[in-house]
Structure formats: C-alpha cells, structure tokens
Amino acid sequence: MDYLVVEFPPATSHFTGEMAAELDKLVTSGTIRVLDLVILTKRADGELDVVEVDDLDNVGELRAAEAQLAGLLAEEDVVNLAAAMEPGTTAGVLVWENTWAAPFASAARRAGGQLIANGRIPIQAILASIEADEEGA
C-alpha cells in the first residue's frame, strides 16, 4: 500500500478533472486499487474540513473508484496529515494498492526469492540528478 498527499495553494489551484481522469485510467487498467481518498481543506484559521469522495458532487471518473474505497484513514491519520498543510490550502489524500505487485511478488517467492530492500526515489532527487548531469555535460 502507498499513499500520497498533494497540497494545492489557493492561488495556483486549477482543478479541471484531469487528475480524476488519470486516476480512473489507473483503476480501470488494474494497475492500482483505490483504498481511500479524501479531500482536506485547512482554513486560514487552521480549522480542518474533511470530505470523502462519495460526499462530492461532479466527481465524474472518481465514481469508478468509489466502490473500491475501503476507508483506511482514521481520524488521527487525517489530523496528522493536515498538520503538514499550510493554512488556506486544499489537499487530496490518496491511499492505494499496487495490484500489479501481488502476482510479481508471488512469482518471486515461488522462484525462491525474498525481498531484501525496497524504497522510493523522490522526484526532486531525480530532477536534481538530471540537472547535475546537464550542467556537467
């Protein structure tokens, strides 16, 4: 399982439905299974509004994922995630399962393999590496 929190500052938010369409492609293709999806709004006074995706109108493609929502995030999780948000911002929180991983992991185990390490490389690190390579060339 993985999660991400994407914060949208008020002056730069441009919700066009593109994110919902991309999420729908991932769900429809069987690449991921959405386990939880919430929208957080942290008002200027620090108060938090939490909206589950099934409470939203006009969510379009997200309805395809709605039936799969397991609601894994507890109230404490939401409060902890919101602590990282700036006042006046909105954030989307997505929890998902990489459905492609289970068959691969099973095949690896059947072949005698065992997981000895895993991790993520942040996009900022990748961009910094590319920039460093370009400057060195």
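This is a predicted model: local features need pLDDT of at least 70, side-chain atom pairs count only at pLDDT 80 or more; totals for chains, interfaces and linings use all residues.
A few ground rules: local features need pLDDT of at least 70 and side-chain atom pairs count only at pLDDT 80 or more, while totals for chains, interfaces and linings use all residues. Numbering runs from 1 along each chain as its sequence is written, and side-chain values use heavy atoms, with hydrogens and water left out.

D2 sits in strand β1 (residues 2-8); helices (H or I, at least four residues) and strands (E, at least two) are DSSP runs, numbered from the N terminus. With a relative accessible area of 17%, D2 is buried; buried means under 20%, exposed over 50%, and partly exposed in between, using a 1.4 Å probe and protein chains only. Although D2 and V95 are 93 residues apart along the chain, their C-alpha atoms are separated by 5.7 Å. Beyond neighbours within four places in sequence, D2 is in contact (heavy atoms within 4.5 Å) with L94, V95, W96, N98 and R120.

**Salt bridges**

The structure holds 4 salt bridges, each being a side-chain nitrogen of Lys or Arg within 4 Å of a carboxyl oxygen of Asp or Glu. Here are three of them:

| Pair | N to O distance | Accessibility |
|---|---|---|
| D2 and R120 | 2.4 Å | D2 17%, R120 60% |
| R33 and E97 | 2.8 Å | R33 34%, E97 25% |
| D49 and R43 | 3.5 Å | D49 33%, R43 38% |

D2 forms a salt bridge with R120. R120 is in the loop between α4 and α5 (123-136) and D2 in strand β1, so this pair ties together parts 118 residues apart in sequence. R120 counts as exposed.

R33 and E97 also meet in a salt bridge. With R33 in strand β2 (residues 32-42) and E97 in strand β4, the pair ties together parts 64 residues apart in sequence.

**The second largest pocket**

This pocket has a volume of about 560 Å³. On a 1 Å grid over the protein atoms alone, a pocket is an open set of points where a 1.4 Å probe fits, with protein on both sides within 12 Å along at least five of seven lines; lining residues have an atom within 4 Å of a point. The volume is the space filled by probe spheres set on the points, which are joined across faces, edges and corners. Of the 16 lining residues, W100, A101, A105, L115 and N118 are the closest to the centre. β4 (89-98) and α4 (101-110) each supply at least two lining residues, and α4 gives the most, with 5.
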